[in-house]
Amino acid sequence: MAKMVECVPNFSEGCNKEVIEALGQAISRTPGCVLLDVDAGASTNRTVYTFVGTPEAVVEGALSAARVAGQLIDMSQHTGEHPRMGALDVCPFVPVMNVSMEECVACAHVFGQRLSEELGVPVYLYGEAAREESRRTLPAIRAGEYEALPEKLKKPEWAPDFGPPTFVPRWGATVTGARTFLIAYNINLLCTKELAHRIALNIREQGRGSSQPGRLKKVQGIGWYLEEENIAQVSTNLLDFEATPLHAVYEEVCRDAEALNLPVVGSQLVGLVPKKAMLNTAEFYIKKEKLFILEEEHKIKLVVSRLGLDSLSPFNPRERIIEYLVQAGEEDKGLVAKPLGAFVRAVGGRTAAPGGGSVAAAAAALGAALGCMVGLMSYGKRQFEELDPIMRKLIPPFHQAMDELVAMVDADSQAFSSYMEAMKLPKNTPEERERRGAAMQQGLKTAVKVPCTLAEKVNRLWPPLKELAQHCNLACKSDIQVGAKMLEAAVFGAYFNVMINLKDITDEKFKLAMSQKVSGLLEEAKQGLALVLALLEKRVA
């Protein structure tokens, strides 16, 4: 799969539509760049662009937009609620797919150097790209904002990382760097700017200073007023949504607002958000309110409702969640995106992949799906009301496994493809033959590990399947029987795929360990199937 980097340049223009559009066009017309989102704010007088591409492409896209900004934005005339210091205020590079943080740091260095050389402007590095610890955080570099730059640039400790230490009135200065995914998240309040800022000081990690730190780790925050919406906001940046998730920020603001008798009227996500951040918040409310929700789409809707994400404008998950946008832009969506008939024909083609491994994964997914179906057919009906607590426990493992096993249809095909690619490597010299042999061995080990993982995932379903067989709606007896047989067949398929690839592996210790492991998994599946079928036969309709 191709490398993918996200770039999120913030330009100091949020009112002039012609300028906003010109900057977007500069990005979207850059080969290899896909513009995903444009978020303009009039009160902040700032527009956040989000686009993705290869490391090389996103650097070119950011430079193209910067050249346009140099012609159309004049910082000496700029005012706005958001802190800023340059026409292109900040330009972070974020790893998205098959890219390391080090590669994003390299993007920031190349971009910063080229920007300073082409436009003759000062550029600072922050985040993971920072060369000095004192410059790791954006607020530290941006302290004093644009207005402080003339004096700041005269100080040796604030010499830019790239470009001249001179003040450029039309431009100001730019900060670029590399970071993990940042979520810009604002909570709406009916109050004054000052009260919103008071809450922001309470929750942000920096607090009111070292003697009065705030409550939430990895959170930046300020309070401001949105004139166009006639509301105040606690505006936050979540630097690590795993450390402090969306719901934690929202709940803490609500808590402070309630103490001050202030109404919270929804919230706003600026730019894009990772799917995991939304699902983590969904799980929080599902647990808190003892809800039973399986479908990803429904979980996203729950988050939109609980956080009021559509309070200022419609929230379309397909346009705001980065994974959905990336999937929509992919030309090859894999085997699982094909209609069933096309998948069957692909298996029947004259190619080594997709083959038995992908078919085994498909069988496993269908087995899990039948388990999920039987559970749902035994839930939520008056005649099975006493089963509701049991089914709430049993259905989720099958639903989760169904999605995971579907993904393994492509994983198996890709794993074998890596071995086939290794076989194509040159073998003219001893060094080339050695590299080719090592790559082939690694490819075979990967091709072995994928079906072994498949068997492990399937075997985790036998305990809930046994319990389901004891309690399920007997009208679905044949469905659970077929599902159980599909799961066993999947483990058989995994076993045979492991064994055929093991014979060409030269690592004897690895061969023995994997052979013993997959044989044990096969025996476990046989026993699991026998027990499930026996339990079903004992039940009388």
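Strand β8 and strand β11 (residues 264-270) pair in the antiparallel sense, over five bridges. Within this pairing, L189 stands opposite V264 of β11. The model is predicted.

Strand β8 also has a partner in strand β10 (residues 231-238). Seven bridges join β8 and β10, and these strands too run antiparallel. Y185 has T236 as its bridge partner in β10.

How much of β8 is buried? Seven of the seven residues of the strand, which spans residues 183-189, are buried, so β8 is largely enclosed by the rest of the structure. I183, Y185, I187 and L189 point one way. A184, N186 and N188 point the other way. Both sets are buried.

Aromatic contacts come next. The model holds eight aromatic pairs. One of them joins F93 and F111: the planes stand at 65 degrees, and since edge-to-face requires over 60 degrees, the pair is edge-to-face. The ring centres are 5.8 Å apart. This pair links distant parts of the chain, with F93 in strand β5 (residues 88-97) and F111 in helix α3 (residues 101-119). The two residues are 18 positions apart. Both are buried.

F492 and F496 form another pair, and its geometry is tilted. These residues sit four apart in helix α17 (residues 477-502), so about one helical turn separates them. F492 counts as partly exposed because its relative accessibility is 26%. F492 and F496 also share one aromatic cluster with Y495.

The two pairs are set out below.

| Pair | Centre to centre | Angle between planes | Class |
|---|---|---|---|
| F93 and F111 | 5.8 Å | 65 degrees | edge-to-face |
| F492 and F496 | 6.1 Å | 40 degrees | tilted |

Charged side chains also meet aromatic rings. Which residue lies over the face of W158? K152 does, at 4.3 Å from the ring centre. At Y324, the charged end of R318 sits over the ring, 4.1 Å from its centre.

Methods
Residues are numbered from 1 along each chain as its sequence is written. This is a predicted model: local features need pLDDT of at least 70, side-chain atom pairs count only at pLDDT 80 or more; totals for chains, interfaces and linings use all residues. Side-chain values use heavy atoms; hydrogens and water are left out. Rings of Phe, Tyr and Trp (its six-membered ring) pair if their centres lie within 6.5 Å; planes under 30 degrees apart count as stacked, over 60 as edge-to-face and the rest as tilted. Buried means under 20% relative accessible area, exposed over 50%, partly exposed in between (1.4 Å probe, protein chains only). A charge sits over a ring if NZ of Lys or CZ of Arg is within 6 Å of the ring centre and within 35 degrees of the ring normal. Two strands pair if DSSP finds at least two bridges between them.
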